[in-house]
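Hi,

Here is the structure I promised to pass on.

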Amino acid sequence: MVIKSYAQVSNIANEACFVMAKAAEGFVALLLRQALKASDNKMQVDYPDLANVVSNNDSMEFLRDFIPPKINSGEYLEILKRAEEHERMIALEDEL
């Protein structure tokens, strides 16, 4: 269990575990309801639907690193190229 894996936590009441599980269940249900609402297909939720909800909702900001919008390989390579150029510029400035 995740909660009991912390060294500072020695004992967890069963009720606390139950409440944590229900809270997680409620959060997943909320995320799915919002994704379904934003989806074109009202019968299923796809990754882009989840990514859209996470990127457009400030209360889901903590998930943006875990559920980012999909990009194609060309876009990724362009981002990588810009990051490398930026690092080279910083290195050149440090040499001066």
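Let's start with a charged pair: the side chains of E78 and R82 meet in a salt bridge, at 4.0 Å from N to O. The term stands for a side-chain nitrogen of Lys or Arg within 4 Å of a carboxyl oxygen of Asp or Glu. Both E78 and R82 lie in helix α3 (residues 73-95), 4 residues apart, or about one turn of the helix. Helices here are DSSP runs of H or I with at least four residues, strands are runs of E with at least two, and numbering goes from the N terminus. An α-helix has 3.6 residues a turn, so residues three or four places apart point the same way.

Before going on, the ground rules. This is a predicted model, so local features need pLDDT of at least 70 and side-chain atom pairs count only at pLDDT 80 or more, while totals for chains, interfaces and linings use all residues. Residues are numbered from 1 along each chain as its sequence is written, and side-chain values use heavy atoms, with hydrogens and water left out.

Back to the pair. E78 is partly exposed at 37% relative accessibility, and R82 is partly exposed too, at 47%. For those words, buried means under 20% relative accessible area, exposed means over 50%, and partly exposed is in between (1.4 Å probe, protein chains only). The areas themselves come from the Shrake-Rupley method with a 1.4 Å probe, and for residues only the protein chains shown count as cover. For a sense of distance, E78 and R33 are 45 residues apart in sequence and 34 Å apart in space, C-alpha to C-alpha.

How many salt bridges does the structure hold? There are 3. One of them joins E25 and K22, at 3.4 Å from N to O. These two both sit in helix α1, 3 residues apart, again about one turn of the helix. K22 is partly exposed, with a relative accessible area of 42%. There is also a salt bridge between D58 and R64, whose closest N and O atoms are 3.7 Å apart. D58 counts as exposed at 63% relative accessibility, whereas R64 is partly exposed at 28%.

On to the rings. Searching the whole structure gives 1 aromatic pair. Its members are F27 and F62, with ring centres 5.8 Å apart and planes at 40 degrees, so the pair is tilted. It links distant parts of the chain, with F27 in helix α1 and F62 in the loop between α2 and α3, 35 residues apart. (The cut-offs: rings of Phe, Tyr and Trp, the last by its six-membered ring, pair if their centres lie within 6.5 Å; planes under 30 degrees apart are stacked, over 60 edge-to-face, and the rest tilted.) F27 is partly exposed at 28% relative accessibility, and F62 is exposed at 52%.

I71, Y76, L77, I79 and L80 make a nonpolar surface patch of about 460 Å². Patches take residues with over 30% relative accessible area and no salt bridge, joining like charges within 9 Å and nonpolar side chains (Val, Leu, Ile, Met, Phe, Trp, Tyr) within 5 Å. L80 is in helix α3 and is partly exposed at 34%.

Last, the inside. Which residues of helix α2 (residues 47-56) are buried? They are D49, L50, A51, V53 and V54. What covers them includes α1 (14-38), where contact means heavy atoms within 4.5 Å.

Cheers
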